[in-house]
Each structure stands twice: as structure tokens, then as C-alpha cells.
Amino acid sequence: MKNSKKEIARKRMEILFNNALLNARNNPELAQKQALLIKGISMKFKIAIPPEIRSSFCKKCKKFIVPNISSRVRLGQGNSKSISITCSFCNHVYRKIIKN
Ligand SMILES: [Zn+2]
């Protein structure tokens, strides 16, 4: 079973991510630490961070940001199916396309 270690690592990333989401409001420092652990696992096991987790990191300051807690989310203007996310750590704004 060559992939089992990577499987476990991926599961650990998901667990850490869920914990970080839960802690983001009441214990943001812990959430940041857990986010760092996710990156550590990704590097150690050479596996990519799943897209749904990666999109929770600010593109600029690389901090873990949670919608409505550490970032502001706004719907895009017009009929474009995008949202803009503002990081509350560095105020960087980036867009995310929403797929149906
Ligand atoms: Zn940022």
C-alpha cells in the first residue's frame, strides 16, 4: 500500500481544516496554527492542498481566512458569477468564480 500514507495525510488535512474553521471565530490563533500544519503536511508528503482548502488561504499574505470572520465576501457586480473576497489581514481583494 504505497498510497496509504498519503491517504492518511489527506484525511489529516481535512480534519485540521474543519477544526480550523470551527476555531476561526473563538480562537483565531489556533486556527492559524492548524492552517500552518495543513501546509506542513502538504510539503512533507508532497501532496497538493485540496482546492476547497487552498481557497481559504489569502493569495497575498497566505493567512488562513474564513468567510465572514476573517474576510469579507461580496457578490460580484452584474451577471458575473463571481464573488470578491477581501482579506481582513492585508486587505487584499481577490475574485473567485462560482460554479454551479
Ligand atoms: Zn491577506
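Where is Lys44 found? In this predicted model, Lys44 belongs to helix α2. The residue is exposed, and its relative accessible area is 67%.

The overall architecture can be stated briefly. The chain contains 3 helices and 3 strands. Their order along the sequence is α-α-α-β-β-β. Helix α1 covers residues 4–23, and helix α2 covers 28–44. Helix α3 runs over 51–54, and strand β1 over 71–75. Strands β2 and β3 take up 82–87 and 93–97, respectively. The C-alpha trace spans about 50 × 30 × 20 Å along its principal axes. The chain has 100 residues, of which 33% count as buried.

A second C-alpha pair links sequence separation to space. Asn91 lies in the loop between β2 and β3. Its relative accessible area is 53%, so Asn91 is classed as exposed. Leu21 is 70 residues from Asn91 along the chain, and their C-alpha atoms are 20 Å apart.

Charged side chains were examined next. The search of the whole structure returns 1 salt bridge. Arg10 pairs with Glu7 in a salt bridge, with 3.3 Å between the closest N and O atoms. Both residues sit in helix α1. They are 3 residues apart, which means a separation of about one helical turn. Arg10 is partly exposed at 31% relative accessible area. Glu7 is also partly exposed, with a relative accessibility of 37%.

Positive charge gathers elsewhere on the surface. Arg54, Lys59, Lys62 and Lys96 form a patch of positive charge there. Lys62 belongs to the loop between α3 and β1. With a relative accessible area of 48%, Lys62 is partly exposed. Patch members must have over 30% relative accessible area, and Lys62 passes that cut-off because its value is 48%.

A disulfide is a covalent bond between the sulfur atoms of two cysteines. The search of the whole structure finds 0 disulfides. Two cysteines can be described by their accessibility. Cys87 is buried, at 0% relative accessibility. Cys90 counts as partly exposed, at 27%.

Backbone geometry was considered last. Most residues other than glycine have a negative phi. Lys46 is placed in the loop between α2 and α3. It is exposed, with 71% relative accessible area. Asn68 also has a positive phi, near 70 degrees, and is a residue other than glycine. Asn68 lies in the loop between α3 and β1. The relative accessible area of Asn68 is 63%, so this residue counts as exposed.

Technical notes:
Residues are numbered from 1 along each chain as its sequence is written. This is a predicted model: local features need pLDDT of at least 70, side-chain atom pairs count only at pLDDT 80 or more; totals for chains, interfaces and linings use all residues. Side-chain values use heavy atoms; hydrogens and water are left out. Patches are made of residues with over 30% relative accessible area and no salt bridge: like charges are joined within 9 Å, nonpolar side chains (Val, Leu, Ile, Met, Phe, Trp, Tyr) within 5 Å. Accessible areas come from the Shrake-Rupley method with a 1.4 Å probe; for residues, only the protein chains shown count as cover. A salt bridge is a side-chain nitrogen of Lys or Arg within 4 Å of a carboxyl oxygen of Asp or Glu. Lys and Arg count as positive and Asp and Glu as negative; His and the chain ends are not counted. The place of a charge is taken as NZ of Lys, CZ of Arg, CG of Asp or CD of Glu. Helices (H or I, at least four residues) and strands (E, at least two) are DSSP runs, numbered from the N terminus. Buried means under 20% relative accessible area, exposed over 50%, partly exposed in between (1.4 Å probe, protein chains only). A disulfide is a pair of cysteine sulfur atoms within 2.5 Å.
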